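Please consult the sequence and the structure shown below while reading.

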Amino acid sequence: MPEQPPYLRVADELRRRITEHVWEPGDRLPSRAQIGQELGVGENVVRRAQELLISQGLLEGRAGSGTYVAEPQQRVRIVRSSAREQPTGSPFRTDMKAVGKLGDWESRTDAKVPAPADIAARLGVDEGALCVRTSYEFLADGRPVQLSTSWEPYDLTAGTLIVLPEGGPHAGAGVVNRMAAIGISVSHAVEQPEPRQATAEEASLLGIQKAALVTHIRRTYYSDQGRPVETADIVVPVAHCEIVYEIPISR
């Protein structure tokens, strides 16, 4: 069995000290030189170990001050389920209400944006085909908990009351309800979650450390005819939120 990389071994030791309360939340860690000397590794190895634990929400770095044990935060539970699609109202607000939070969001829509290659492939349109792109910052009790960038084919909704997802009489109603308003029945969605590190822009918007762990969900809604009607990239910070999938059982 391959030997564990030194930085992972150091990260395990630092994690142990935190979980066993050798270091308490708010405590400042010894310098990297001190930790390295104690554990028999170089400062760069300690730095990599600390960066890993920062990305996991166990440590936090303070510019010009050092590295500290992060204060524990209550994670918001986000349920991914077909049951979240309600006849009226926003699925996100429904999710947040279920966990006692006030759900809200800020958004920006740009119409007639050429689809990049990956989005075009997910929507089944030609690269450069015009789309409606909407960027969202979702809030739970005023705290950012989720980012999303949604793409809809412009030719699908052009000239209708739902062409702008956050404008008109069906604003904020969710993809399923909005599409139903123009006679399109959405039959299912496909979601592909994967872990990765936050970009600098995502970290800034979510109020997390740069390169902190996030769950990136690629979601696409399909009509009864199998046409993709919307695709989105959803970004959820691991330290602040837990994602739970609820799977309905047919009887």
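Are Phe-92 and Phe-138 buried or exposed? In this predicted model, both Phe-92 and Phe-138 are buried.

**Aromatic pairs**

Across the whole structure, the search identifies three aromatic pairs. Two of them, each involving Phe-138, are set out here.

| Pair | Arrangement | Centre to centre | Angle between planes |
|---|---|---|---|
| Phe-92 and Phe-138 | tilted | 4.7 Å | 50 degrees |
| Trp-105 and Phe-138 | tilted | 6.0 Å | 50 degrees |

The pair of Phe-92 and Phe-138 links distant parts of the chain. Phe-92 belongs to helix α4 (residues 91-98), whereas Phe-138 belongs to strand β5 (residues 130-140), and the two are 46 residues apart.

For the second pair, Trp-105 is located in strand β4 (residues 103-114) and Phe-138 in strand β5, so their contact ties together parts that are 33 residues apart in sequence. Trp-105 is buried, as is Phe-138.

Which residues form one aromatic cluster? The cluster consists of Phe-92, Trp-105, Tyr-136 and Phe-138.

**Charged groups over rings**

Two arginine side chains are placed over tyrosine rings. Arg-48 lies over the face of Tyr-7, at 3.9 Å from the ring centre. In the other case, the charged end of Arg-62 is positioned over the ring of Tyr-68, 3.8 Å from the centre of that ring.

Note on methods
Residues are numbered from 1 along each chain as its sequence is written. This is a predicted model: local features need pLDDT of at least 70, side-chain atom pairs count only at pLDDT 80 or more; totals for chains, interfaces and linings use all residues. Side-chain values use heavy atoms; hydrogens and water are left out. Rings of Phe, Tyr and Trp (its six-membered ring) pair if their centres lie within 6.5 Å; planes under 30 degrees apart count as stacked, over 60 as edge-to-face and the rest as tilted. Helices (H or I, at least four residues) and strands (E, at least two) are DSSP runs, numbered from the N terminus. Buried means under 20% relative accessible area, exposed over 50%, partly exposed in between (1.4 Å probe, protein chains only). A charge sits over a ring if NZ of Lys or CZ of Arg is within 6 Å of the ring centre and within 35 degrees of the ring normal.
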